[in-house]
Protein chains: 2
Amino acid sequence: MAVTLYVCTTCRAESDPPDGPRAGARLHATLAETLAGEGVRVEPVECLSVCKRPCTVAVSSPGRWTYVYGDLDPASAPAILRDGLSRYTAAPDGLVPWRERPEAFRKGVIARIPPFSA
Amino acid sequence: MAVTLYVCTTCRAESDPPDGPRAGARLHATLAETLAGEGVRVEPVECLSVCKRPCTVAVSSPGRWTYVYGDLDPASAPAILRDGLSRYTAAPDGLVPWRERPEAFRKGVIARIPPFSA
């Protein structure tokens with residue numbers, strides 16, 4: 001299956017304290033814990049270059065489209081991602097019908113990239 | 001080398017005539033011609049989900065970071081992409097120092113995704 005979820009640990013929320021962990025780092029810690037054992041590899045990334053729409057993640061898998069999502073909140077993101085990733089994983093090419101996508105995926109999509117064909 | 005340039009053919013510019021080819025389709029046609037023989041595979045894609053910042057492309061290569069760029073103009077894009085892609089190709093991981101990137105790449109970056117590690 002080999003689904004990888006990249007989580008930007010550099011993303012900063014407006015409410016982040018100057019000396020505290022950033023929203024992106026908190027999101028990564030939360031997702032690494034909540035998605036453990038669900039077949040998703042959660043990887044921290046220093047910047048996905050979507051700085052204006054924190055928090056940001058990217059989901060990728062061989063043979064599937066890659067998606068980048070922004071505007072995620074560390075508190076609600078785990079449930080959204082568990083739902084969205086299970087649908088993504090169930091689709092051989094990663095393309096989930098629009099109406100079946102979590103609302104946060106529909107509104108927060110930043111970009112999508114086709115599966116790489118050698 | 002195997003660098004793929006995905007070009008969104010659905011991107012529409014404000015100045016596009018309702019019944020004419022879209023800016024994205026024109027950009028694809030131009031790039032397929034101007035980048036022929038430069039070791040870049042130019043592929044049309046129906047929507048990269050960056051609809052608010054036309055025209056949009058994505059560049060991908062095994063072992064390299066993937067980049068998505070928007071705000072490209074079909075007229076100036078070929079020279080920008082020839083320059084930017086030669087720098088991208090010269091970098092083993094696709095990471096080009098900020099100051100060496102074309103200005104349109106610095107301003108137009110939509111997202112970047114790490115190379116996929118199996």
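A:Arg87 is partly exposed, with a relative accessible area of 33%; here buried means under 20% relative accessible area, exposed over 50%, and partly exposed in between, using a 1.4 Å probe and protein chains only. Keep in mind that this is a predicted model, where local features need pLDDT of at least 70, side-chain atom pairs count only at pLDDT 80 or more, and totals for chains, interfaces and linings use all residues. As for bookkeeping, residues are numbered from 1 along each chain as its sequence is written, chains are lettered from A and ligands numbered from 1 in the order in which they are written, and side-chain values use heavy atoms, with hydrogens and water left out.

Back to A:Arg87: its side chain meets that of A:Asp83 in a salt bridge, at 2.9 Å from N to O. The term stands for a side-chain nitrogen of Lys or Arg within 4 Å of a carboxyl oxygen of Asp or Glu. Side chains of opposite charge can pair when their charged atoms come close. Both A:Arg87 and A:Asp83 sit in helix α2 (residues 77-90) of chain A, four residues apart, or about one turn of the helix. Helices (H or I, at least four residues) and strands (E, at least two) are DSSP runs, numbered from the N terminus. A:Asp83 is partly exposed too, at 29% relative accessibility.

Now hop over to chain B. There, B:Asp83 and B:Arg87 meet in a salt bridge of 2.9 Å, N to O, and they are separated by about one helical turn because they lie four residues apart in helix α2 (residues 77-90) of chain B. Helix α3 (residues 103-108) of chain B holds B:Glu103 and B:Lys107, again four residues apart, and these two form a salt bridge whose closest N and O atoms are 3.0 Å apart. B:Glu103 is partly exposed at 46%, while B:Lys107 counts as exposed at 61%. Over all chains, the structure holds 12 salt bridges.

How many of the salt bridges run between chain B and chain A? The count there is zero. What the two chains do have is six residue pairs in polar contact, both residues at pLDDT 80 or more. A polar contact is a pair of N or O atoms within 3.5 Å; within protein, one must be able to donate a hydrogen and the other to accept it, and residues adjacent in sequence count only if both atoms are side-chain atoms.

The contact (heavy atoms within 4.5 Å) takes 28 residues from chain B and 28 residues from chain A. About 1900 Å² is buried between them, with carbon and sulfur atoms giving 60%; that area is the accessible area (1.4 Å probe) that two parts lose on being put together, summed over both. In chain B, B:Arg112, B:Ile113 and B:Phe116 lose the most area to chain A, together 30% of what that side buries.

Finally, how do the copies relate? Chain B can be laid on chain A with an RMSD of 0.0 Å by a turn of 180° and a shift of 0.0 Å along the axis, which is the relation of a two-fold axis. The superposition is by least squares on the C-alpha atoms of residues with pLDDT of at least 70 in both copies. The copies meet through the same surface, because 100% of the interface residues of chain B are also interface residues in chain A.
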